[in-house]
Amino acid sequence: MSRVVVTGRIPKPGLDILRRAGHEVDVWDSEDQQPREQLLAQVRGADALLTLLTEQVDAELLDAAGDQLQVVANVAVGYNNVDVEVCRERGVVATNTPGVLTEATADIAMGLILMATRRLGEGERVIRSGTPWQWGMFYLLGSGLQRKTLGVVGLGGIGAATARRARAFGMNVIYSSRSQAPRELELELGAHRVDLDTLLAESDVLSLHCPYSPATHHLLGAEQFAAMKPTAYVVNTARGPVIDEAALAQALREGQIAGAGLDVFEDEPQVHPDLLGCENAVLVPHLGSATIETRTAMATLAADNAVAVLAGEEPPTPIR
């Protein structure tokens, strides 16, 4: 019997997979993030870890677990919380959960596009605050999406799914990516690849779907916002540090861009205080994968990954 440590609450089907495989399962069963010292104590002697994106998987954590650790199964598609190189050096397999959260995250991206462009967040705050209002021809005017251009940074699975939704709203699609998308995908979306400078200049809505890495840290900052249309919007469902939040707040205040919709933040769960004062920013608390179906699929895939490695098999979704 192997010992599997689950560092936070996950849906029950994931735990059932681990237990049916005959493993001892130790779960931190709380919505609150586990204190680091307690986490280091919990992982001691673990053969497998199921980690959430709130946990830093680094040399310290691997040392605390011990040499018997075989796999770190991250219950997320992103893995910037996992030091993959350190895992490799120690012969620990690292996995993630790609694919299963594509549609849910694209739904959130499209929702943020609609909320930002139609000023729905501002409108709801008017109602909830009891602020007097009256219908008028120019009251809370937003921007329509038809015949506008969606610029996608990173046309992977989630970027493509967002583009499909935007096409249904009558938008045109351009994209910037490290590599050319398959021709059949470009034809399906009517999309063509451009460099980032062109994307910034031509996009009416810019949607971020790139992975986070040193190369994409603060990919959007003051210089990039200045290059965009003053009528443009930025949406981020990727990772918070892709955007310089201080520069974004300044661009929103000064009218360099029209608005923004953010599901992720640089220093979660903290949000830059300047953004909180921007009425033209829609801010939601990392809800990209927050559906019952998606979170269950993430937990079961992470459990499948752990069970496979512990059985000496190739996991379904290793981090390459």
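The model is predicted: local features need pLDDT of at least 70, side-chain atom pairs count only at pLDDT 80 or more, and totals for chains, interfaces and linings use all residues. Residues are numbered from 1 along each chain as its sequence is written, and side-chain values use heavy atoms, with hydrogens and water left out.

The protein chain holds 13 helices and 12 strands. Helices (H or I, at least four residues) and strands (E, at least two) are DSSP runs, numbered from the N terminus. The radius of gyration is 21 Å, close to the 20 Å that the globule rule gives for 320 residues, so the chain is as compact as a globular protein of that length. This radius is taken over C-alpha atoms, and the rule is 2.2 Å times the number of residues to the power 0.38. The C-alpha trace spans about 70 × 50 × 35 Å along its principal axes. Of the 320 residues, 49% count as buried. Buried means under 20% relative accessible area, exposed over 50%, and partly exposed in between (1.4 Å probe, protein chains only). Contacts join heavy atoms within 4.5 Å. Among contacts with a separation of 6 or more, 58% are between residues 24 or more positions apart.

An open sheet of 7 strands runs in the order E8-E7-E6-E9-E10-E11-E12, with parallel pairing. Its edge strands are E8 (192-193) and E12 (281-283), each of which pairs on one side only. Two strands pair if DSSP finds at least two bridges between them. Strand E9 (residues 205-208) is joined to E6 (residues 149-153) by 4 bridges. Here Leu 150 has Val 205 as its bridge partner. Another 4 bridges join E9 to E10 (residues 233-236), where Leu 208 is partnered by Asn 236. Strand E10 is in turn joined to E11 (residues 259-262) by 4 bridges. In that pairing, Val 235 has Gly 261 as its partner. Within E9, Val 205 and Ser 207 point one way, while Leu 206 and Leu 208 point the other way. All four of these residues are buried.

Helix H7 (residues 157-168) packs against this region. Its 12 residues reach 17 Å from first C-alpha to last, close to the expected 16 Å. The expected span is 1.5 Å times one less than the number of residues. Its buried residues include Ile 158, Ala 161, Thr 162 and Arg 165. The buried residues of H7 pack against H5 (102-117), E6, E7 (172-176), H8 (183-189) and E9. Gly 170 follows H7 and has a positive phi, near 85°.

Helix H5 has 16 residues and reaches 23 Å, close to the 22 Å expected. Among its buried residues are Thr 102, Ala 106, Met 110 and Ile 113. An α-helix has 3.6 residues a turn, so residues three or four places apart point the same way. Just after H5, Arg 119 takes a positive phi of about 60°.

Asn 305 is buried, with a relative accessible area of 0%. Its side chain reaches the backbone oxygen of Asn 96 at 3.3 Å. Not counting residues up to four places away in sequence, Asn 305 touches Ala 73, Thr 95, Asn 96, Pro 315, Pro 316 and Thr 317.

Key. Polar contact = N/O pair within 3.5 Å; in protein donor to acceptor, adjacent residues only side chain to side chain.
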